[in-house]
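Okay, thanks for coming, everyone. I'd like to walk you through one structure today, a few spots at a time. Let me put it up on the screen.

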Amino acid sequence: MGDFNGLRAVITGGASGIGAATARHLLNQGATVAALDIAPQNAPVGVAGVRCDVADTESVEAAIAEAVERLGGIDILVNNAGIGAQGDIAANSEEEWRRVFEINVLGIMRVTQAALPHLRISAHPAIVNTSSIAATAGLPERALYSASKGAVHALTLAMAADHLREGIRVNAVAPGTADTPWVGRLLDNAANPTAERAALAARQPHGRLVSADEIAAAVAYLASPVNGSTAGVVLHVDGGMDSLRLRP
Ligand code: NAD
């Protein structure tokens, strides 16, 4: 039990990686939690798995309605569902560009639109979006993904401004490369997974991948009613990758 006693949290992409770690963290701090995911059967124990495709408006509206029924309302929304893409500006088809934006950017719009009426009647409403180091640092072979996360970064600030005076705080986390099933899949597909993992770890000033639990703790900080003056913040959880320049 903790800061989140009696609060109800909805987490998109809550069945894996960062979303699942956040679900477990909030649950341990006293929240009741729903994971809205295309794979709801993988939701952590104690978390309500709700089928939801954030790329589909009908699916989102049904999922928010089901979450409200199961939790009794929504106080915290974590817009975390996302997919990746690799390559330079020429690498991805227009269809792939649309698909990534449908999930990573328009997904936030759909879920937030559906959740807003419930957040507006909460005593402690908060939204946390999942951005990325790719929003603020130029990473090779990530043109489409970076464009989508740059949009998430900007959208977070605009949402924070729009909803602050009605009491809804909006913030984001910007993780560096994190040790999740997503990155596991990327490594599995690399020519030399051990060398690729070492290169990703070395790229971050603290010399390792970020853990999903570290990002979950940052999400919880931003969502907690204890931190009611924290709004419009994009909190980097990246071992210093965004702001530090260490000597090799
Ligand atoms: P993950 O693949 O482990 O988990 C993503 C979850 O999202 C999965 O449960 C998946 O089923 C769900 N999902 C995918 N498409 C969906 C859809 N259309 N509707 C609903 N759910 C859907 O990935 P992760 O590493 O935990 O990433 C989570 C978020 O963190 C993403 O937004 C990602 O861009 C961001 N991020 C990840 C890293 C990293 O290095 N892993 C770094 C920075 C930001």
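**Starting at Asp 37**

If you skip its neighbours within four places in sequence, Asp 37 is in contact with Gly 13, Gly 14, Ala 15, Ser 16, Val 50, Arg 51 and Cys 52. Before I go on, please keep in mind that this is a predicted model.

So where does Asp 37 sit? You'll find Asp 37 in strand β2, which covers residues 32-37. Now, Asp 37 is buried, and yet there is no salt bridge for it. Which side chain of opposite charge is nearest? That's Arg 51, and it is 7.7 Å away. What the Asp 37 side chain does have is a polar atom lying 2.9 Å from the backbone nitrogen of Ala 39.

Okay, on to the rings. How many aromatic pairs turn up in a search of the whole structure? Two. Trp 97 and Phe 101 make a stacked pair, with 6.3 Å from centre to centre and 15° between the planes. Both of these residues belong to helix α3, residues 94-104, and they're four residues apart, which is about one turn of the helix. As for how open they are, Trp 97 has a relative accessible area of 22%, so it's partly exposed. Phe 101 is partly exposed too, at 23%.

Then there's Tyr 145 with Trp 182. Their ring centres are 5.7 Å apart and the planes are at 65°, so we call this pair edge-to-face. Buried or exposed, for Tyr 145? Its relative accessibility is 12%, so Tyr 145 counts as buried. Trp 182, on the other hand, comes out at 27%, so that one is partly exposed.

While we're on helix α5, let me mention Ala 158, which lies in that helix. Ala 158 counts as partly exposed because its relative accessibility is 38%. If you go from Ala 158 to Gln 204, you cover 46 residues in sequence and 29 Å in space, C-alpha to C-alpha.

Let's zoom out for a moment to the domains. The domain assignment gives domain 1 as 8-175 + 213-236, and domain 2 as 178-209. Taken over C-alpha atoms, the centres of domain 1 and domain 2 are 23 Å apart. How many residues does each domain bring to the contact? Domain 1 brings 12 residues and domain 2 brings seven.

Last stop, Asp 242. This residue is found in the segment after β9 (234-237). With a relative accessible area of 24%, Asp 242 is partly exposed. Leaving out neighbours within four places in sequence, Asp 242 is in contact with Ile 133, Thr 136 and His 236. Which of these side chains gives Asp 242 a polar contact through its own side chain? It's Thr 136, at 2.8 Å. And here's one more distance for you: Asp 242 and Ala 174 are 68 residues apart in sequence, but their C-alpha atoms are 9.3 Å apart in space.

That's my tour, so over to you for comments.

Technical notes: Residues are numbered from 1 along each chain as its sequence is written. This is a predicted model: local features need pLDDT of at least 70, side-chain atom pairs count only at pLDDT 80 or more; totals for chains, interfaces and linings use all residues. Side-chain values use heavy atoms; hydrogens and water are left out. Helices (H or I, at least four residues) and strands (E, at least two) are DSSP runs, numbered from the N terminus. Buried means under 20% relative accessible area, exposed over 50%, partly exposed in between (1.4 Å probe, protein chains only). Lys and Arg count as positive and Asp and Glu as negative; His and the chain ends are not counted. A salt bridge is a side-chain nitrogen of Lys or Arg within 4 Å of a carboxyl oxygen of Asp or Glu. A polar contact is a pair of N or O atoms within 3.5 Å; within protein, one must be able to donate a hydrogen and the other to accept it, and residues adjacent in sequence count only if both atoms are side-chain atoms. Contact means heavy atoms within 4.5 Å. Rings of Phe, Tyr and Trp (its six-membered ring) pair if their centres lie within 6.5 Å; planes under 30 degrees apart count as stacked, over 60 as edge-to-face and the rest as tilted. Domain bounds come from an automatic or database domain assignment.
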